[in-house]
Amino acid sequence: MTPFDFFVLSGLLFTVGLFGVIVRRNVISLFFSLELLLNSANVLLVGFSKLHGNLFGEVFVFFVLAVAAAEAAVGLAIVVALYRYRKSVNTEDFSLLRW
Amino acid sequence: MREVFFYLFAFLSVAFAVISVTHKNVIKGGVSLLASFVSLGAVYFTAGAEFIGIVQVIVYGGAIVVLYLFALMTMDLKSFGKEPLRTLSVAVGGAISLILFASILYAGYKFYSSGITAGISGAEEIALPLFYRFLLPFEVVSVLLLVATVGAVAVGRREE
């Protein structure tokens with residue numbers, strides 16, 4: 001297990017997540033993809049923390065987890081409120097602010 | 001032995017991530033995302049980051065994904081409708097993803113030969129930098145969580 005393996009794992013997760021963000025139209029699926037993107041960053045932070053032998057990377061992962069929890073709560077509240085108005089979670093139905 | 005489990009759980013997490021992104025049913029996608037996060041926690045364990053592995057399972061698996069699944073229960077799944085697969089967005093998404101994957105591998109290639117120090121970092125080891133060097137960010141994160149909770153309640157409230 002070398003740091004390069006962490007790069008490969010992180011890159012694969014980021015690739016899958018970015019593909020999902022671009023291709024999917026369901027807002028909940030978009031959130032899943034966003035969580036995958038955050039997790040790919042976490043993998044790389046843990047890998048670098050182990051490479052350098054200090055724990056600052058893992059402390060940063062802790063903060064990323066807290067921010068991800070906050071993002072999930074606020075994002076889901078927005079999605080539920082939007083669903084109440086539009087009866088849909090498809091991003092193409094949320095085009096009110098588009099010119 | 002650690003290597004074997006590292007590769008096994010890394011493969012599992014990527015496979016479940018692919019299922020969760022590509023599956024048509026959102027509930028099944030959420031459950032497979034849960035499996036992906038738990039496998040990722042096991043990956044952290046094999047790398048020696050025990051505290052992060054436990055927190056990954058508790059926060060991501062136990063809190064965030066379950067929150068998504070609870071929110072999905074309040075919606076009518078039949079009203080979600082079909083998502084037509086457009087060739088253009090698949091091609092653009094695949095191309096951008098592959099370019100980014102290649103650049104991440106290119107950036108990481110110089111670490112190919114260096115090994116990692118396999119120290120175990122549990123709660124005791126994490127506590128020292130967290131509560132001394134990063135005490136102020138820790139407090140700011142608690143304020144952030146409070147603001148996020150109040151904001152989520154305020155946004156999700158039904159208007160009279």
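What follows is a chat about the terms used for this model and the values behind them.

Modeller: Ground rules: this is a predicted model, with local features needing pLDDT of at least 70, side-chain atom pairs counting only at pLDDT 80 or more, and totals for chains, interfaces and linings using all residues. Residues are numbered from 1 along each chain as its sequence is written, while chains are lettered from A and ligands numbered from 1 in the order in which they are written.

Biologist: Fine. What makes Lys87(A) exposed?

Modeller: A residue is exposed if 12 or fewer other C-beta atoms, placed from the backbone, lie within 10 Å of its own, buried at 20 or more, and partly exposed in between. Lys87(A) has 11, so exposed it is. Lys87(A) sits in the segment after helix 3 of chain A, and its phi is near 55°, a positive value in a residue other than glycine. Most residues other than glycine have a negative phi.

Biologist: How do you know that the span of helix 3 of chain B agrees with its number of residues?

Modeller: Helices are DSSP runs of H or I, at least four residues, numbered from the N terminus. The expected span is 1.5 Å times one less than the number of residues. With 24 residues, helix 3 of chain B should span 34 Å, and its end C-alpha atoms are 33 Å apart, so the two agree.

Biologist: Where does helix 3 of chain B bend?

Modeller: At Val66(B), by about 30°. That's the angle between axes fitted to the seven residues ending there and the seven starting there. Its buried residues, including Tyr60(B), Ile64(B) and Tyr68(B), pack against helix 2 and helix 3 of chain A, plus helix 2 and helix 5 of chain B.

Biologist: What is in contact with Val16(A), beyond its neighbours within four places in sequence?

Modeller: Contact needs C-beta atoms within 7 Å. Val16(A) has Leu36(A) from its own chain, and Val14(B), Ala17(B), Val18(B) and Val21(B).

Biologist: How many residues does each chain bring to the contact?

Modeller: Chain B brings 70 and chain A 61. Helix 4 of chain B gives the most to chain B's side, with 12 residues.

Biologist: And what is called a nonpolar core?

Modeller: Buried Ala, Val, Leu, Ile, Met, Phe, Trp, Tyr and Cys residues, joined through C-beta atoms within 7 Å. The largest one has 69 residues, and Leu13(A), Val16(A), Val46(A), Val43(B) and Tyr44(B) have the most contacts inside it.

Notes. Contact = placed C-beta atoms within 7 Å. Helix = DSSP H or I, 4+ residues; strand = E, 2+ residues; numbered from the N terminus.
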